Amino acid sequence: MAHSSKSKNSNSTPPNNATAAESHKTKQAAAKITSEYAQEMAPEKIVVDKLPPKPDYPRYRVHPQEPITLANIDPNACEDYKNKKQVESELEQQRQRLENLQERLYAEHKRSLLIVLQAMDTGGKDGTIKHVFGGINPQGCQVWSFKKPSDEELSHDFLWRYHQRTPQRGMISIFNRSHYEDVLVVRVKQLVPEEIWRDRYQLINEFEHMLTLNNIAVVKFFLHISKDEQKRRLESRLKDLGKHWKFSSNDLKEREFWDDYQAAFEDMINNCSTAHAPWYVVPANNKWYRNLVVARTIADTLEAMNPQFPPAEKGLEHIVVPD
């Protein structure tokens, strides 16, 4: 009987209140940090003196549980702005802000920023990088473009190659195409079964949440152009000898999948826009307006993050540089 009683007791697993409390405490801490970072991802509530900001970038942010329909979003929208010349001074002001804030982020060396750009072919990812980030110190900013994965990359999980390019502390990284290719092209071209790419939405959300908890702010832009505008841009490349290098006959093949890509982008945005890592659908037919919206959004986000120069070494006021 004694042996039987001992065996019964040894196999029982009473609730461990200490373990449950510790688990709850850990979850609460993560939720608190996530909430704090989510506030920064609505920067207009922190840094804008008078709402709405100009341009009104918050209107383009996609809120969780508020799905959008791309067909209902006008890619020609530009508020009350009329032309490129009208926004030149405002864009330069935002670029100056980005330059100053990036210097502070780099000097502070505590947090970093990941910017994701996605679009249809000719959507303006390269142009956005050129015109928005042209004045930023290249020591503190890196651009990564993701092409067809290599054999080595394919032998790992789909997020492996992207995780390696996330920014170090103090840095800004720009993904020209990104981990979202693995719910876009693989879906449209049927490179993997639906049960695989559909599960990736949750994996991407968890990945971006992990980055957020590790002091990497994530902000994402879908540059929204119309099919007619894509046609015009492709024709422009054909007419200009200096732009022939940018044209590929594969662009025409991809254009045949326009509707499929629109559906994939729409699902990507609706499934993966979170409060702490939001998507913005930016009207991008007018390049000058696109640049202004992206620049102001990022500048305000960085200002809400509020990076600070580290304190100076003590006693500098007494130092005299010798001849």
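In the predicted model, Asn285 lies in the loop that connects strand E6 (279-283) to helix H13 (287-305); helices (H or I, at least four residues) and strands (E, at least two) are DSSP runs numbered from the N terminus. Asn285 is buried, its relative accessible area being 8% (buried: under 20% relative accessible area, 1.4 Å probe, protein chains only). Its side chain forms a polar contact of 3.0 Å with the side chain of Asn76, a polar contact being a pair of N or O atoms within 3.5 Å, where within protein one must be able to donate a hydrogen and the other to accept it, and residues adjacent in sequence count only if both atoms are side-chain atoms. Neighbours within four places in sequence aside, the contacts of Asn285 (heavy atoms within 4.5 Å) include Pro75, His224, Ser226 and Arg233.

The largest nonpolar core comprises 76 residues; such a core is a set of buried Ala, Val, Leu, Ile, Met, Phe, Trp, Tyr and Cys residues joined through side-chain atoms within 4.5 Å. Helix H13 gives the most to this core, with 11 residues. Phe221 and Ile298 are among the residues with the most contacts inside the core. Phe221 touches, among others, Ile115, Trp279, Val294 and Ile298.

The buried residues of helix H2 are Thr34, Tyr37, Ala38 and Glu40, and they pack against helix H3 (44-47), helix H9 (194-213) and H13.

Residues are numbered from 1 along each chain as its sequence is written. Local features need pLDDT of at least 70 and side-chain atom pairs count only at pLDDT 80 or more, whereas totals for chains, interfaces and linings use all residues, and side-chain values use heavy atoms, with hydrogens and water left out.

Notes: Buried < 20%, exposed > 50% of the residue type's maximum accessible area, 1.4 Å probe, protein only.
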